[in-house]
Amino acid sequence: MISFNVVIFLLLFLLKTYGQLHPSGPAAYRRLPSLREQAAILDAWRDERLARIPALLNKYSIQAWLISQREYAEDTVWWSVKDATEYAPHRRTVLLFHTNTSTLTEQPNPLRWVDNTGAVWPELRTILRAYDPRRIALNTDKDVAFGGGLHVGEYEVLARELGEDWIERTVNEPMLGIELVAARVPGQLEYYRKLQETTWALIEEAFSERVITPGITTTEDVEWWYRETMLLLNVTTWNHPRVSVITPESFPGWAGTKDVINEGDLLHVDFGITAMGLNTDVQHMAYVLRTSEKEADAPAGLKEGIEKANRMQDIVMARMKAGKTGNEILKESLDQMKAEGIEGQVYSHPIGDWGHSAGAVMGFTNLLEYVPVLGELPVLRNTYYSIELYAYSFVPERNETLRFRLEENACWDAETEGWKFVYGRQEKLHLINATRRTLNPSFVVQP
């Protein structure tokens, strides 16, 4: 009988030899449609999502979902239901989602008011009296941002204007906001893959001799190279790029983030881009070759660390079954890691409309084994996830144990009822070879 350890060894061998997911060629900067074309695409995606709302309300036995907000005091959900050319809700913007039944059959969904006179309230009361919803959802959740976007002052106005009878029918159901924001529409994946490839292309260029000169370039230089180059590509970001020289002390603090980059350094970046209402979140690692010593490849110990982190990705994604809670997936993943002798930490999260988007999380950097509230949510089908984690691995060439921190974005695969990487995953270190430095770098950060 074949032992468990032999099975694991064979599995790892097959994955390493035949199942490589690292893209075979360099990534390219992918061109997006014009901003005008993007607006039309975004509005079409938005309409597809809004068409799902009656079924979503029925799923939770809710007849109406009321959102009220003021300019610069938006409900979190508003950003997922707005027009592409809107940058803020004007005056007081009130939305009433409904089940498209009774007196609201074939009416716009949502009904929408933009008002600063108070005229919205008698109209809303009239509609509610005719529609007579038994349960009206308000976004008042205390723990989930996507279900708690109703500001306190706005709630007080609603209570005053609607009156006690209607307020008594209001309920808190955070899953409405979570499911609406988390769910993807089919057309998004084509463009999300382009954003992922552009993210990889940025990393490949940043972690190369075109940008980095050992002994001169600093980690902050590279961070600001990312920011400037993103502007040239007509994309932005939801978090400032964080580039660091990896040391045993470089996580979760800031050690190594304000260093001069030298030969022999192990580098790490954590960043993502934003465009077309979508966000990426990627972490890769690179090695600066000791070219002054004729070094042509990274030490074997560093490669082994990447392999361990890749195995952790496999473990997590194999256990991400729709309907399981984030905490269940986290526990099963940690148990399997322990069985295979892998030490590390998992802190994976949903991504999409937001960098840290709506849905179940699997761990936090400060909550290693159990996450209250967000960890108890179920993993949803038809969503995107950031598979974020690190593996501990001893590097004999450096006589130290380091964290190998990787992150890739994954999408739901309806055919397999599982997950797959949107573009690929890092399985080999980016190598910075100063002997290949170009005379004309692609972009120079201004001093």
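Gln 313 sits in helix 11, which spans residues 300–319, in a model that is predicted. Its relative accessible area is 0%, so Gln 313 is buried. The side chain of Gln 313 forms a polar contact with that of Arg 425, at 3.4 Å. Setting aside residues up to four places away in sequence, Gln 313 touches Ile 387, Leu 389, Leu 406, Glu 408 and Phe 421, as well as Arg 425.

Helix 11 also packs against helix 12, which is made up of residues 326–339. Two packed helices are described by the angle between their axes and the distance between the axes. For helix 11 and helix 12 the angle is about 140 degrees, and the axes are 9 Å apart. Angles over 145 degrees would count as roughly antiparallel, and the two helices are therefore oblique to each other. The crossing of helix 11 and helix 12 is right-handed. From helix 11, Arg 311, Met 312, Ile 315, Val 316 and Arg 319 take part in the contact, meeting Ile 329, Glu 332, Ser 333, Gln 336 and Met 337 of helix 12. By class, the residues of this contact are 5 nonpolar, 2 polar and 3 charged.

Met 175 counts as buried because its relative accessibility is 12%, and the limit for buried is under 20%. Beyond its neighbours within four places in sequence, Met 175 is in contact with Tyr 60, Leu 377, Pro 378 and Leu 380. Met 175 and Tyr 60 are 115 residues apart along the chain, and their C-alpha atoms are separated by 8.4 Å.

Conventions. Residues numbered from 1 in each chain as written. Predicted model: local features only at pLDDT ≥ 70, side-chain atom pairs only at ≥ 80, totals over all residues. Heavy atoms only, no water. Helix = DSSP H or I, 4+ residues; strand = E, 2+ residues; numbered from the N terminus. Buried < 20%, exposed > 50% of the residue type's maximum accessible area, 1.4 Å probe, protein only. Polar contact = N/O pair within 3.5 Å; in protein donor to acceptor, adjacent residues only side chain to side chain. Contact = heavy atoms within 4.5 Å. Axes fitted to C-alpha atoms, helices over the stretch in contact; angles between N-to-C directions. Parallel < 35°, antiparallel > 145°, perpendicular 65-115°, else oblique. Left-handed = near helix turned anticlockwise from the far one by under 90°. Nonpolar A, V, L, I, M, F, W, Y, C, P; charged D, E, K, R; others polar.
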